[in-house]
Amino acid sequence: MTKMTIDRTTPPQPGPPRPYRFPHITRATLDNGLRVLVAENHSAPILSLRTIVKSGADHDVAELAGLASLTADILDEGAGSRDALRLAEDVGLLGGALGTGADWDASYVSIDVLSRNALPSISILGDVTYKANLPADGLDRVRSERLMELLQQRDEPATIAGKRFAGLLYGTGAYGNSVAGNPESIARITLDDIRRFYGSNYLPNNAALVISGDVTPEAAIDFARRSFGEWARGAEPARPQVTPAPIDSSRVYIIDRPQAVQSEIRIGHIGVARSSEDYFAISVMNALLGGVFNSRINLNLRERHGYTYGARSTFAFRREAGPFVVSAPVRNEVTRESVDEVLLELRRIRSGDIEDRELEDTKNYLIGVFPATVQSASDIASRLLDMELYGLPEDYFDHYRENIDAVDKDEIARVANKYIDPERVLIVIVGNAAQIREPLATLGYPLHEMDIEGNPVVG
Amino acid sequence: MLQIEQYELGNGLRVVLNEDHSAPLVAVNLWYHVGSKNERPGRTGFAHLFEHMLFSGSEHVGNNEHFRYVQSVGGVLNGTTFFDRTNYFETLPSNYLALGLWLESDRMGFFLPALTQEKLDIQREVVKEERRQRYDNVPYGTAFERMLHLAYDPDYSYHWPTIGSMDDLQAASLDDIRDFFATWYRPDNCVLTLVGDFIPAEAKALVEEYFGPIAPGGSFPHFTLERKPMGGERRETVPAQVQLPRLYRLYHLPKMGTPEWIHADLLTTVLSGDKASRLDRSLVFEKQIAQDVAAYVLPTEATGMLMLQATAKEGVDIEAIERAIDEEIARLARDGITADELTRAVNRAEIEYAHQLENYDSRADLVGMLSTYFDDPTIVNTWLDPYRASTTADVAAVSAKYLVPENRATSFFLPGK
């Protein structure tokens, strides 16, 4: 038998909060315009090295969708004096892992490495960033792999849902494509296209270098000069326009997967850019709505109804306005009910019906969790990249927590009304059409069906 | 060198402390030494369903309040279930250490009074949706489950995955849940690890206050964890809703932490992971017949397993993939590996280990594992030693001994359903 010795009926009171400071950042600018950011941290023998190039898939035209990410893929097919295999071997001998990639806003090269090998690692990072060989056989390889990847995505319901949702929201504009492109565009891309994208975007005055971890700022900046100093400046690339057309009324699209045992639901519309002055208020509002486990949407769909393993809402903060989307995989039988519950939560957040406790809980979460999200060298490196990419003020993370704390109920209601519109939503559902078509028709919105490539299904 | 202290409460709870003030955080981590291997055929999925139930409240903590208490002070939390153990963890601002201990001790000592049929029904539905989302509605989602069925006999505890079967989940009753709790969830079957910003004397006093009064349990049920040899290679072909054929392999190994398991861990890095590794180089980079390959060992306590998988490109026969893999494995057994390959593999182990120690949460989980399986959390300071001491001959030898047909199960997932 257990016996009571202390009062378990109420949670224990916390001790006094311990002080926290975001790591000090040392900044430098090389003669060629490259910005260098260093965060020193000797708690682990690790270095996170990142180059960010401020051009991503937002530069892709529809015919060449996937160009930015295919360019990133080919960077490790040889650079400087090393061919692809030699590069992989040498990074391995330094105790490193090399990564390259692109998302909507930027392209990246990264090396996470044992800090005792700092200088040769930064030198390789420089080679891969601005001395990539871009060989023809490398393009053959990455193209073939990309085509296979796109083929495999035909069986991934969550991927299909995301692609079709973006396509319907943004049309042929950049955010309407996929970062990975499509089979036709990938087949079309030539080595010249890649060389042109690389030559006009991978420029020191369109980039930043982040060095985070077990190194002194003096040594890091010296290494940066030696490895990146020869990178030649160029004309700064023009920023592409992303011009989405907001939808004026709600509509439903079903994408049939006859064998599906779940419906992948996406509900939303165009959101807001990272530069929004309402960023903090939107962040708190979304966390309360569907951004964390204990948010309204997840508690409703998962914990109250058992419809799903997890549901969430997201504002994709990009350089231009990315989507606002609620996503949930639910079992076929409750597809219509789940849509209803999501719309109900979107309406409720706009009504101003917000309890003091849930607002305090949400803000305390965002404020309290911050130190835990920036413990590792690579986590800190990611934050520094964000600062550079989105032009955040130098003391941004020093004031992050107080900016969250300043959001009040009126602000929540105001930004919910401004940025969420449940009466003009796009609803995309990948699922078993025979089973979900009729219930969804009763929503009263125009209902369309399309195949997984986005072609209308007739009859 | 991490400062590690382990001690035991009167009720058998093992406590491990690692004081570190570099961030104002504390990781609270509990390893219960129970997982899907402690289930019986026909009653699978219990350990994992039970993990869900432990978030649905206890006598002094309301339904969903566990999540709320932790998140509302800026904590992050979760739980996971594996063959051999179930872990529960939260990372909190360090001034909330007592809150974490209160919550964890309440569900260890006072769970049953709060258990209701309604909570079970909801969590059963959530787990069924988890199964649909992660296994049944995605390509290759059931491959691991199929491989376990193939490689382990029906009465062996690794025969089924932690998620369990839909039928067994449906059949789980409140009494089953109560029995499971009484049998396994007790202080003498648990390791509590604290890593981070606390004063050890204060932490010890709090741990004693919250966990000390909880009674230990009775005897443990007996499980046979001795695996019978397969008696020859096992193979199957599975028609599936997939675009590309994929080969799955399981090679049996000694259990985690044995010298041969460590050599096999290094071997997997020689085989896969970057362009210069053996299988990536041959199948993906040079011949370009495979879309991807992967090889890894799993941290299993009862018996070891090396997993290998390779996806064929469109139009490539899976048999060609298998031949190319077997050629590379034969070459490795015949010619051994180079000193550079060994260096790269040891480096990889070193940096992955450094990453694991970097954050309090993953460090606490590692320390909890070492205490649970080896009863010695200080191994955290010496774990890499046997990796660094390994020779090229060790790695070649483990390959020649275990990566052989009679020791493997092979499954082909082929497009066609």
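## Two open sheets of chain B

In chain B, the order E7-E11-E8-E10-E9 describes an open sheet of five strands with mixed pairing. Strand E7 (234-240) and strand E9 (290-297) of chain B lie at its edges with a single partner strand each, so one side of each has no neighbour in the sheet. From one strand to the next, the twist averages 15°. The model described here is predicted.

Within this sheet, strand E8 (residues 246-253) and strand E10 (residues 304-312) of chain B are antiparallel and paired over eight bridges. In E10(B), B:Met307 is the residue opposite B:Leu250.

The other sheet of chain B is also open and mixed in its pairing, with six strands in the order E1-E2-E6-E3-E5-E4. Its edge strands, strand E1 (5-8) and strand E4 (76-81) of chain B, each pair on one side only. Neighbouring strands are turned by 15° against each other on average, direction ignored. Strand E3 (residues 25-32) and strand E6 (residues 190-196) of chain B run antiparallel and are joined by seven bridges; B:Val28 has B:Leu194 as its bridge partner in E6(B).

| H10 (residues 278-286) of chain B | E9 and E10 of chain B | about 165° with E9(B) |

Methods. Residues numbered from 1 in each chain as written. Chains lettered and ligands numbered in written order. Predicted model: local features only at pLDDT ≥ 70, side-chain atom pairs only at ≥ 80, totals over all residues. Heavy atoms only, no water. Pairing = 2+ DSSP bridges. Helix = DSSP H or I, 4+ residues; strand = E, 2+ residues; numbered from the N terminus. Axes fitted to C-alpha atoms, helices over the stretch in contact; angles between N-to-C directions. Contact = heavy atoms within 4.5 Å.
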